[in-house]
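Keep the structure open as you read.

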Amino acid sequence: MAIDISLGHRPEPAHTVAVLAFDGMAPFELGVVVEVFGLHRPELGELPWYELKVCSERPGQELRVVGGFSMKTEHGLDALAEADTVIVTGVPHAGGEVSAALVTALRTAHARGARLVSICSGAFALAAAGVLTGRRATTHWRYSELLAERHPDIEVDADVLYVDSGDVLTSAGSAAGIDLCLYLVRSDYGALVANTVARRFVVPPHREGGQAQFIEAAVRPVREGDDGVARSMAWAMERLGESLTVPALAREAHMSERSYLRHFTRRNGTSPIRWVIAQRVAASLPLLESGDTPIDEVAAAVGFDSAATYRHHFTRAMHTTPTAYRRAFTRAA
């Protein structure tokens with residue numbers, strides 16, 4: 001069975017995204033990119049959305065896809081080289097040779113000022129194109145040592161979900177592509193739009209913790225206490241502006257504090273307090289973007305006890321200050 005991908009017409013697109021498809025690919029990562037950037041979004045009203053182009057080195061020819069089916073693309077590497085954002089979801093063989101045609105297209109796009117993005121093993125394609133030289137980058141934890149070995153000029157960080165190096169961004173394993181795609185939406189349109197897309201995706205707009213939590217067991221079994229932890233997290237999200245302590249969270253989960261800490265950390269890869277701080281910082285973004293509310297009032301609205309504490313945690317999470325973030329977002333808007 002062959003599937004022809006047709007993504008429809010986007011009048012006057014604000015931004016063109018090109019994603020690479022290749023023979024022998026797994027469909028998940030491509031599906032993530034199509035879901036985020038190619039899906040029609042009536043919930044956003046008249047906001048101009050992305051124009052997505054699925055590209056391959058052999059447009060019009062069948063590409064085998066893991067799972068026993070095949071697909072075709074309308075666009076070739078010329079469209080990829082001309083896009084505003086280029087996403088490489090993987091390579092046929094991690095550490096293997098990357099085609100000269102793809103390397104040329106990536107270098108052309110980068111020289112034009114395009115934003116280059118990789119998911120999982122796609123980092124090897126960006127590395128082959130030389131755009132990661134001297135930069136910090138990540139890939140799936142299974143491939144991190146190989147990437148560092150093959151490209152010692154790259155600072156490989158295996159303990160993060162994604163890395164933003166400005167015009168080049170890399171993400172870890174397959175599901176981390178969701179995190180990075182939502183981050184791109186937030187960078188382009190702001191937190192309110194990214195949160196709307198995340199809700200339709202039925203995922204959190206931001207995940208705390210890195211991929212180190214998944215290295216020993218990529219899929220953890222559901223264990224006793226997980227439901228209580230999930231219930232306490234939902235309860236906390238409705239009360240970010242209030243005082244949230246470990247004892248209060250543990251009571252909501254109907255667990256002892258010691259047991260709660262153990263279950264929470266195992267489930268989320270971070271502590272309850274660090275998670276609460278991350279959610280408060282995320283909740284503050286729409287407030288910074290949507291008006292000129294004083295920073296101390298923003299801090300209080302999302303539960304920080306002082307503006308100084310808020311600035312400290314915001315800067316640590318976002319690598320900029322609240323004021324600078326607001327200024328940058330206002331300029332972008």
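At 8% relative accessibility, Cys-120 counts as buried, because buried means under 20% relative accessible area, exposed over 50% and partly exposed in between, with a 1.4 Å probe and protein chains only. This is a predicted model, in which local features need pLDDT of at least 70, side-chain atom pairs count only at pLDDT 80 or more, and totals for chains, interfaces and linings use all residues. Residues are numbered from 1 along each chain as its sequence is written, and side-chain values use heavy atoms, leaving out hydrogens and water.

Cys-120 sits in the loop between β7 (115–118) and α4 (123–128); helices (H or I, at least four residues) and strands (E, at least two) are DSSP runs, numbered from the N terminus. Its phi is positive, near 55 degrees. Most residues other than glycine have a negative phi. His-254, in the loop between α9 (246–253) and α10 (257–268), also has a positive phi, near 60 degrees, but at 67% relative accessibility it counts as exposed.

Now turn to α6 (residues 176–189) and α7 (residues 191–201), which pack at an angle of about 150 degrees with their axes 7 Å apart. Here axes are lines fitted to C-alpha atoms, for helices over the stretch in contact, and angles run from 0 to 180 degrees between N-to-C directions. Residues of α6, including Leu-182 and Tyr-189, meet residues of α7, among them Val-197 and Phe-201, where contact means heavy atoms within 4.5 Å. The buried residues of α7 pack against α1 (27–37), α6 and α11 (272–289).
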